[in-house]
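Thanks, everyone. I'll take strands, then a helix pair, then salt bridges. Please keep the model open while I talk.

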Amino acid sequence: MVLHTTPYSSACLHFLDGLSWSLVFPCYWLLDRLLASCVATSLEKRQRSQDPCSFLTLCVLVAAPLYLLLLLASLPFALLGFIIWAPLQAVRQPYLYTYRRPDKNQAEQGQAGGAGTGEWRPQGRSFCFCSANVCLLPDSLARFNNLSDTQRRARELGKRIRNGASRPQIKIYIDSPTNTSISAASFSSLATGFRRTSSLDQRPEQVHTTNGPDQSFTNCPVHHDGSDNTADCPLHLAGTTNSSDCPIHPSSDATDCPMHSTEGQNDSGHHDCPMHGEVAQKKPSTECPLHTSGVQISISAPEPDPQEEEAETGNHRDLAGGDTGSMTASRESLTRYHGGDTAVGISSNNTLSHVPRTSIFKRPGRKRRHGDETFDHEISAFFPANLDFLALQEVFDHGATTRLRRQLHRYFPYVLSDVGRYGWKGCCSRFKFLNSGLLLASRYPILDARYECYPNGRGEDALAAKGALFAKVHVGTSHQEQRVVGYLTCTHLHAIEGDSSVRCEQLDLLLQWGAEFRQSSSQSPEGEKVLEDLVAFDVILGDLNFDNCSSEDKLEQQHTLFSQYKDPCRLGPGEDKPWALGTLLDPSGLYDDDVSSPESLQKVMENEEGRKEYLVFPPSKNQCPASGQKGRKIPLKGNGRRIDYILYGDEGIQQDWKLDIEEFSFITQLAGLTDHLSVAMRLAVSTGEEEP
């Protein structure tokens, strides 16, 4: 159970690897830039069509010949470096394990290092898992998926994931067990709508708000930035003053307050809600922050890293020209990045305190339940709060991996990256130009890890060392001093359509390798007597490159994988649950204004016509394979191709323990950065015991 913290076991080998790569890199970079100049994204084509003599066009015409000349000049050095580099890959470690100790501020607030490995509670615990395909290929290859600027995307991906996962977690308590009207609403908008006021800054642990008369609010929920301009506020009528009993007017007089004026009452004694016009609200409204009767909301808001916030503020000011107090990009600044000049970078998006002021009244997502469903499901514009485990695919580019890992380490202490092999190695007999592209991040300590390479790749897929990454994590300790552990599997299957037999063989290997890893990692060292580990969960995450509704993927749909692991979105072979959503976006529409931001993409995904326009659907026999998604008139069935999965198995977990899904989410927070939707699942592990 030795985790590899360096690529090589010897400092000499590490030096030779660095030397060889320094000779190869100029040729690699120039070739990448030359190919990238020949493959334009739809955004670049649009810009060139609008202005044929634009600066971007001139740059391409001048740079391409220059890249070619420099490439030819660098070839001798690259050849020498390759001769040194290729043999070294045979002894290179299959992954890199990195650990960053959370700073004091993060550790106190649980922003990194989370629940840690504390004592396992008798009633159990819940864990949140997420999987995303981020398409961090070398820039020239990413352009075939209509994506560009891999290095900048990697940095922005890490920021968005970190910002989404470190949002405040909101807990809702309902006084009456019969009052469940609030349970259907999504509070992700509420979490992002509150600005960090001074009270939040002074008490980051927990802020309680209740609807009782003893409540004290310092800010109007509409004018929560502290401004005095209340002309457009429906809660601040002309000439109003404050009342100590009013959540809007915390000072003396309530004569003109719309919440306390007797003129605002109808015959039944109800106030006319200023947020809902003159119609009396006889029942609490889940839309309105003023109708929360019987509900207590607890918000836990972690403090941002001061250095990070200062740096982000500066970047936002320089790049987007937005609010100098914001770490995030507004929809306008994000659109400006896509539609403006290429010198403008992507600004960080979707953090707690930087959304339009009116967004407190907007619900970017709604948690729903279908029929007899036992858990919530939603399309969310944000990664789930308190995310515990993150599995990424297609993190191929070395520089992008470094940038992404640096961002993720500000939330996840434990990361497995740079996974896979290069060159020739063992079963991967064909030369590998790219590694596996897998990355696994965890808030819990990683005890053991193993990587296995699929030996049966074909075509262009055989150029990457696609495989499976297995990890064992320590999530707690029982009263009997037994370790409570969980098993994670991150994988990326063969991508070429029609190769069902290849993917089925890989699924067979996945199950075989998983069983072998669990058996080997559970064995105690020779001569040592240790208590047996208690297994809490066994979860598979990844891009399996087949969907459950396509007629061409019937072999995969009937694989024994689904008899050992459960898919929360699946009813059976060839049939998904009605709310299940495709995760593969149509690359041609990535830069449309309708899907340029997480909120707008989420809105489109909630609409059937929008899904037909921007999702990739299973191929139809009546459809020409070369035809695109947009504008076709062939009826589309289902909700798109769902190729990103989170599966969980209950075989092998501790006896009498039970796994229950609390919620499942399709996430749009990476809009404009990748051609996949992310998926997340919160899994509750109950032990059947009661709290003593």
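Predicted model: local features only at pLDDT ≥ 70, side-chain atom pairs only at ≥ 80, totals over all residues.

Strand β7, residues 389-395, pairs with β11 in the antiparallel sense, over four bridges.

Now the side chains of β11, residues 439-442. Which of them point one way, and which the other? Leu439 and Ala441 go one way; Leu440 and Ser442 go the other. Buried or exposed? All four are buried.

Next, the helices. Two packed helices are described by the angle between their axes and the distance between the axes. Take α6, residues 150-165, and α11, residues 398-408. Their axes come within 8 Å and cross at roughly 20°. Angles under 35 degrees count as roughly parallel, so α6 is roughly parallel to α11. The crossing of α6 and α11 is right-handed. Who makes the contact? On the α6 side, the residues include Thr150, Ala154, Leu157, Gly158 and Ile161. On the α11 side, they include Gly399, Ala400, Arg403, Leu404 and Leu408.

Last topic, salt bridges. How many are there? The count comes to 23.

First on my list is Asp418 with Arg92, at 2.6 Å from N to O. This pair links distant parts of the chain, 326 residues apart. Asp418 sits in the loop between β8 (414-417) and β9 (423-425). Arg92 sits in the loop between α3 (55-88) and β1 (96-99). Both Asp418 and Arg92 are buried.

Then Arg143 with Asp139. Their closest N and O atoms are 3.3 Å apart. Arg143 is buried, and Asp139 is too.

Finally, Arg641 with Asp547. Here the closest N and O atoms are 2.8 Å apart. What joins them to other residues? Salt bridges with shared partners put Glu497, Arg503, Asp547, Asp553, Glu556 and Arg641 into one network.

Key
Residues numbered from 1 in each chain as written. Heavy atoms only, no water. Salt bridge = Lys/Arg side-chain N within 4 Å of Asp/Glu carboxyl O. Helix = DSSP H or I, 4+ residues; strand = E, 2+ residues; numbered from the N terminus. Buried < 20%, exposed > 50% of the residue type's maximum accessible area, 1.4 Å probe, protein only. Pairing = 2+ DSSP bridges. Axes fitted to C-alpha atoms, helices over the stretch in contact; angles between N-to-C directions. Parallel < 35°, antiparallel > 145°, perpendicular 65-115°, else oblique. Left-handed = near helix turned anticlockwise from the far one by under 90°. Contact = heavy atoms within 4.5 Å.
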